[in-house]
Structure formats: structure tokens, C-alpha cells
Amino acid sequence: MIWVRASRAVLAGLVVVTATAQAQSAAPTPPKVTRKVDAEARVDGIIARTSALQFGVGLSAPIGVYTRPGVDAAVGFSRHGLSGRADVFTRFHFDPFRQSRWAPYGGGGVSGRFETDEKAKAYLLIFVGLDGPLSAGISPSFEAGLGGGARVGVILRQARPNIR
């Protein structure tokens, strides 16, 4: 009797382990990432009380399937002279595996804006964007948002063939 109960328990355990292993092997695995950080170059127009045109660079890194936290810095010109900003943000991609040529994303963070003869100010940053197709390891993006004024930007990002 004890041997029959023990063998049933072992059999049930094997069934559970086998089912779990099959479910895990059937689950999609995220693509292998060879590069940890992606660079970007951008041009942004900021429409505000003090409008500006800025040229910037940034870095972002995939920390999951959908999210890409990052930083960028830009410098340019406004009616006060030199203008600059630094952003810390996270993007959320709605098509992280490049199943479509063009795909939307959204995000938010904080932005610090600096103007000649003005006090530096911090702003909440929110944006939406459209990621474009991959070409020679680069993907274009178009972005619009709010953060120290209304923003419109064009971005060229390092891109991977299997993940945005």
C-alpha cells in the first residue's frame, strides 16, 4: 500500500515536471542581445515661451521586451542664445519584435532645460513616437511630446534586426 501511494506521488510529480518543462520550452524566448546600449542622434524643435532648435545625442538600453530606459542631451539655439537640455526617460514599444515596418511607442520622464540668461528648469516629459524600418543598422523615428514646451523631433537610432 505504501509503495503504491509513493509510486503514484512520484508519477504525479513527473507529470507536473514534464508539463512545466514543455510549457517553458513552448514559450517564446526573447532574442539574444549582443549590444547592451543603443546610441541615437536627434534634432528637436521646442515650441514654448522660449522656443529652441536643438541637436542631441542619447543612449538607451532594453531592460525587458517592451521598455527602453535612456538619457539624452542636446544643445542648440533660442532667442536668448545658447539653449540646452538633458532628459531621463523610458520608452514603451508596442511592437518590440519588428513585426511591422512602422510601429508606435510612447514614454515619459523628466527634462532639464537650460537657457542663456535664464534659470534652469525641470519639466515632466511625455511623448509619443513612430519607429521606422531598419536600414543598415539604423532606424528613423519621429516624435512629438511635451516637456519644457511642445516638442517635435526626428531621431536616428542604432537598431537591431529582431528587436526595437
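I call two strands paired if DSSP finds at least two bridges between them. Helices (H or I, at least four residues) and strands (E, at least two) are DSSP runs, numbered from the N terminus. I am working on a predicted model, in which local features need pLDDT of at least 70, side-chain atom pairs count only at pLDDT 80 or more, and totals for chains, interfaces and linings use all residues. Residues are numbered from 1 along each chain as its sequence is written, and side-chain values use heavy atoms, with hydrogens and water left out.

**Entry 1: overall layout**

I listed the elements. The chain holds one helix and eight strands. Their order from the N terminus is α-β-β-β-β-β-β-β-β.

I then followed the pairing. The eight strands close into a barrel, in the order S1-S2-S3-S4-S5-S6-S7-S8, and the pairing is antiparallel. From one strand to the next, the twist averages 25°. For that angle, axes are lines fitted to C-alpha atoms (for helices over the stretch in contact), and angles run from 0 to 180 degrees between N-to-C directions.

Strands of a sheet pair through backbone hydrogen bonds, either parallel or antiparallel.

**Entry 2: strand pairs**

- S1 (residues 38-47) runs antiparallel to S2 (residues 52-60), with nine bridges. Ala39 sits opposite Leu59 of S2.
- S4 and S5 (residues 103-115) are antiparallel over eleven bridges. Here Phe89 faces Gly109 in S5.
- S5 and S6 (residues 121-131) also pair in the antiparallel sense, over eleven bridges. Arg113 has Lys121 in S6 as its bridge partner.

I checked the S5 and S6 hairpin as well. Five residues lie between its strands, and Asp117 takes a positive phi near 65°.

**Entry 3: surface and burial**

I took accessible areas from the Shrake-Rupley method with a 1.4 Å probe; for residues, only the protein chains shown count as cover. The accessible surface of the chain is about 9,700 Å², and carbon and sulfur atoms hold 71% of this.

Buried means under 20% relative accessible area, exposed over 50%, and partly exposed in between (1.4 Å probe, protein chains only). Of the 164 residues, 35% count as buried.

I also counted contacts (heavy atoms within 4.5 Å). Among those between residues at least 6 apart in sequence, 51% join residues at least 24 apart.

**Entry 4: the charged network**

A salt bridge here is a side-chain nitrogen of Lys or Arg within 4 Å of a carboxyl oxygen of Asp or Glu. How many salt bridges does this rule give? The count is 15.

I started from Arg42. Its side chain meets that of Asp44 in a salt bridge at 2.7 Å, N to O. Arg42 and Asp44 are both buried. Arg42 also has a salt bridge with Glu143, at 2.9 Å, N to O. Arg42 lies in S1 and Glu143 in S7 (residues 138-146), so this pair ties together parts that are 101 residues apart in sequence.

Arg42 counts as buried because its relative accessibility is 6%. Glu143 counts as buried at 12%.

Next came Arg157. It forms a salt bridge with Glu143, at 3.6 Å, N to O. This pair links distant parts of the chain, Arg157 in S8 (residues 150-158) and Glu143 in S7, 14 residues apart. Arg157 is buried, as is Glu143. Salt bridges with shared partners join one network of Glu40, Arg42, Asp44, Asp72, Arg85, Asp87, Arg91, Asp131, Glu143, Arg151 and Arg157.

**Entry 5: a nonpolar patch**

Patches are made of residues with over 30% relative accessible area and no salt bridge; like charges are joined within 9 Å, nonpolar side chains (Val, Leu, Ile, Met, Phe, Trp, Tyr) within 5 Å. Which residues form a nonpolar patch on the surface? They are Val37, Leu59, Val71, Val88 and Val110, with about 400 Å² of accessible area together.

Val88 sits in S4 (residues 81-93). With 48% relative accessibility, Val88 counts as partly exposed.

**Entry 6: His80**

His80 is in the loop between S3 (67-78) and S4. Is His80 buried or partly exposed? It is partly exposed, because its relative accessible area is 24%.

I then listed its contacts. Setting aside neighbours within four places in sequence, His80 touches Thr50, Thr116 and Glu118. Thr50 is 30 residues from His80 in sequence, and their C-alpha atoms are 7.8 Å apart.
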